Amino acid sequence: GLGGGGGIGHGGGVRDAMKRWEAIDLSRLHEINRAEVELLVSKARLLGVAGLSLSERQFLDRMVESTRG
């Protein structure tokens with residue numbers, strides 16, 4: 001089967017999270033947040049989503065929300 005989120009069960013899964021974060025419109029962010037997003041996304045590419053702390057993932061999700069619409 002397709003189960004098993006590897007410890008990050010809720011919230012749509014790892015691949016979806018990466019897709020969301022990589023789609024963040026950096027041009028709409030404050031430059032401080034932009035730098036942080038770029039850093040964390042590259043860290044997630046390197047280490048996988050699990051390599052980010054909970055607060056780092058929450059930060060990225062907030063940035064996704066703030067650039068929508």
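This is a predicted model: local features need pLDDT of at least 70, side-chain atom pairs count only at pLDDT 80 or more; totals for chains, interfaces and linings use all residues.
The face of helix H2 turned away from its buried side carries exposed residues: Glu31, Ile32, Leu39, Leu46 and Leu47.

The protein chain holds three helices and zero strands. Read along the sequence, its pattern is α-α-α. The chain has 69 residues, and 28% of them are buried. Its accessible surface is about 4700 Å². Carbon and sulfur atoms own 54% of that surface. Now take the contacts with a separation of 6 or more. Residues 24 or more positions apart account for 51% of these.

Return to H2. This helix has 17 residues. From first C-alpha to last, H2 reaches 24 Å, close to the 24 Å expected at 1.5 Å a residue. Its buried residues are Val37, Leu40, Val41 and Ala44. These four cover an arc of only 100° around the axis, so they sit on the same side of H2. What do the buried residues of H2 pack against? They pack against H1 and H3. After H2 comes Gly48, with a positive phi near 85°.

Buried here are Glu56, Arg57, Phe59, Leu60, Met63, Val64 and Thr67. Their arc around the axis is only 155°, which puts them on the same side of H3. The face turned away from that buried side carries the exposed residues Leu54, Arg62 and Glu65. The cover over the buried residues of H3 includes H1 and H2. Just after H3, Gly69 takes a positive phi of about 90°.

Next, the core. The largest nonpolar core has 15 residues. Those with the most contacts inside it are Trp21, Ile24, Val37 and Leu60. Which elements give two or more residues to this core? They are H1, H2 and H3.

Is Trp21 buried or exposed? Its relative accessibility is 2%, so Trp21 counts as buried. Leaving aside neighbours within four places in sequence, Trp21 is in contact with Val41, Ala44, Val49, Leu52, Arg57, Leu60, Asp61 and Val64. Of these, Val41 and Ala44 are among the buried residues of H2. Arg57, Leu60 and Val64 are among the buried residues of H3. Leu40 is 19 residues from Trp21 in sequence, and their C-alpha atoms are 9.2 Å apart.

Leu60 shows the view from H3. Residues up to four places away in sequence are not counted here. Leu60 then touches Trp21, Ile24, Val37, Leu40, Val41 and Leu52.

Finish at Thr67, in helix H3, residues 54–67. Thr67 has a relative accessible area of 11%, under the 20% cut-off, and is therefore buried. A polar atom of its side chain lies 3.2 Å from the backbone oxygen of Val64. Beyond residues up to four places away in sequence, Thr67 touches Ile24, Asp25, Arg28 and Leu29.

Note on methods. Residues are numbered from 1 along each chain as its sequence is written. Side-chain values use heavy atoms; hydrogens and water are left out. Buried means under 20% relative accessible area, exposed over 50%, partly exposed in between (1.4 Å probe, protein chains only). Contact means heavy atoms within 4.5 Å. Accessible areas come from the Shrake-Rupley method with a 1.4 Å probe; for residues, only the protein chains shown count as cover. A polar contact is a pair of N or O atoms within 3.5 Å; within protein, one must be able to donate a hydrogen and the other to accept it, and residues adjacent in sequence count only if both atoms are side-chain atoms. A nonpolar core is a set of buried Ala, Val, Leu, Ile, Met, Phe, Trp, Tyr and Cys residues joined through side-chain atoms within 4.5 Å. The expected span of a helix is 1.5 Å times one less than its number of residues. The arc is that of the directions from the helix axis to the C-beta atoms.
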